[in-house]
Every structure is written in C-alpha cells, then in structure tokens.
Amino acid sequence: MKIVFATNNKHKLEEVRQITAALPIEIVSLAEISCHDDIPETADTLEGNALQKAHYIKEKFGLDCFADDTGLEVEALNNAPGVYSARYAGEAHDSEANMNKLLSEMKGKTNRNARFRTVIALLLDGKEYLFDGIVRGIITTDKRGENGFGYDPIFIPEGYAQTFAELGNDTKNKISHRAKAVEKLNGFLAQMLISK
Ligand code: IMP
C-alpha cells in the first residue's frame, strides 16, 4: 500500500518513515509524485489546513494521502500564534523574527504556559480521519540552544529543564507533538491493516 505524505520536508518524512517502519506501507513525498505546487494553507485552524492540503493532493492526483499542520499555542496570548506560527512576524517565515516577536509579546507575563499541537489529516479509501499530538511546556525569557528549528530555542517541554533546542533531536523526537500525532496515525493504520 502506498500513501502520500503531503510534504517535502526531509526531517518530517524521515520521522514518519521511522515510526511507521513496521507497517507494509510505502510513504511517498510530494517530490516523489512530481508535485511541486505551492499547496494552499488558508484555513484558520490547524485541522482546516491539514484537511485542505490532503484534499488538494487527493483531488489533483487521486491518491490516498495525509498532511500535517502544527502551531504553538500560548495561553497568555489567547493561543496565538497558533495556526499562524510560521508567519507570526510576517510572510518571510523567519524563525528569529517570530521568536523575537513572541518574546516581546510575553514580556512581563507570569503565565508562560504553552503547547505545541500537531494535527494530521488522513484521507483513506474515501474517508477522512484526524489525529492530534500535544506537548505542553513553557516559554522562556530568552533563546537557548542550537538544535531544531522554529520556536525550539524558547520552548521548554514539561518535565525538562532545557529547551527543545538544547535537548536535541533524539530526545525531542521521542516526546514531540509531531511524534505523538504520528504514533496515533501509525496505530490507526496498523489496526486497519489487521482488520482488512
Ligand atoms: P508546520 O505546520 O510543521 O510547517 O509548522 C508551522 C510552524 O510552526 C513552523 O514554521 C514553526 O515555526 C512552528 N513549528 C512547527 N513544529 C515545530 C517544532 O517542532 N519546533 C518548533 N517550532 C515548530
């Protein structure tokens, strides 16, 4: 069985392939189906964006597929930047600028609770399924660490004293929002294969 993962992000692809390695399923990227489109992500929720991307591929290529969307939700900011995490400081999708903006919005705030949330939308055999993964933590007051990407240098996951960027990918990939959502997808696909 072949399923398209609507991404060209090598890191995400590798992570998903590792977690689903025991399943007789081939996960293929957009490049592998020769899709080089700039897929629209114009919904105002993570669920909406993940579904929008998955439906785009299903409609254009007729293939079963899944897509993900992630946001950082900060309690003291009414869950911003959320679905707008990538472009919080503008369309340039600049992580440094995004973190600077967030740290400045958080200046003086005592409630530093936040969570990363990933939603995966799967379109399979004509049906739609959603899976989510959450990791809770706090926003630091300054950037720490060199690993990872996005908001990793300013997020400390619950139960740890270091940021995602200090913890490194091995630890992060075991506890992350994305890993949790992919584990749920993996469990679902495994069950579905057993019951077929
Ligand atoms: P995407 O939906 O995976 O592209 O994520 C949207 C945005 O959320 C990214 O551009 C990052 O700014 C942020 N983000 C997503 N996942 C992570 C993560 O694991 N660490 C830090 N930031 C992330």
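Select Phe-131. At 10% relative accessibility this residue counts as buried, because buried means under 20% relative accessible area, exposed over 50% and partly exposed in between, with a 1.4 Å probe and protein chains only. This is a predicted model, where local features need pLDDT of at least 70 and side-chain atom pairs count only at pLDDT 80 or more, while totals for chains, interfaces and linings use all residues. Residues are numbered from 1 along each chain as its sequence is written, and side-chain values use heavy atoms, with hydrogens and water left out.

**Aromatic pairs**

Rings of Phe, Tyr and Trp (its six-membered ring) pair if their centres lie within 6.5 Å; planes under 30 degrees apart count as stacked, over 60 as edge-to-face and the rest as tilted. The count by this rule is six aromatic pairs. Show Phe-116 with Phe-164: the two are stacked, 6.1 Å centre to centre, with 25° between the planes. Phe-116 belongs to strand 5 (residues 113–124) and Phe-164 to helix 4 (residues 164–167), so the pair links parts of the chain 48 residues apart, where helices (H or I, at least four residues) and strands (E, at least two) are DSSP runs numbered from the N terminus. Both Phe-116 and Phe-164 are buried.

Phe-131 sits in strand 6 (residues 127–139), Phe-188 in helix 6 (residues 177–194), 57 residues apart. Phe-188 is partly exposed, with a relative accessible area of 22%.

**Charges over rings**

A charge sits over a ring if NZ of Lys or CZ of Arg is within 6 Å of the ring centre and within 35 degrees of the ring normal. Stay on Phe-164 and pick Lys-172, whose charged end is over that ring, 5.3 Å from its centre. Then move to Tyr-88. Lys-101 lies over its face, at 4.3 Å from the ring centre.

**Strand 5 and its partners**

Select strand 5. Of its 12 residues, 10 are buried. Two strands pair if DSSP finds at least two bridges between them. Strand 3 (residues 65–74) pairs with strand 5 in the antiparallel sense, over 10 bridges. Look across at Thr-70, which stands opposite Thr-118 in strand 5.

On to strand 6. It runs antiparallel to strand 5, joined by 12 bridges. Pick Arg-117: its bridge partner in strand 6 is Ile-134. Finish at the hairpin of strand 5 and strand 6, with two residues between the strands; Asp-125 there takes a positive phi near 50°.
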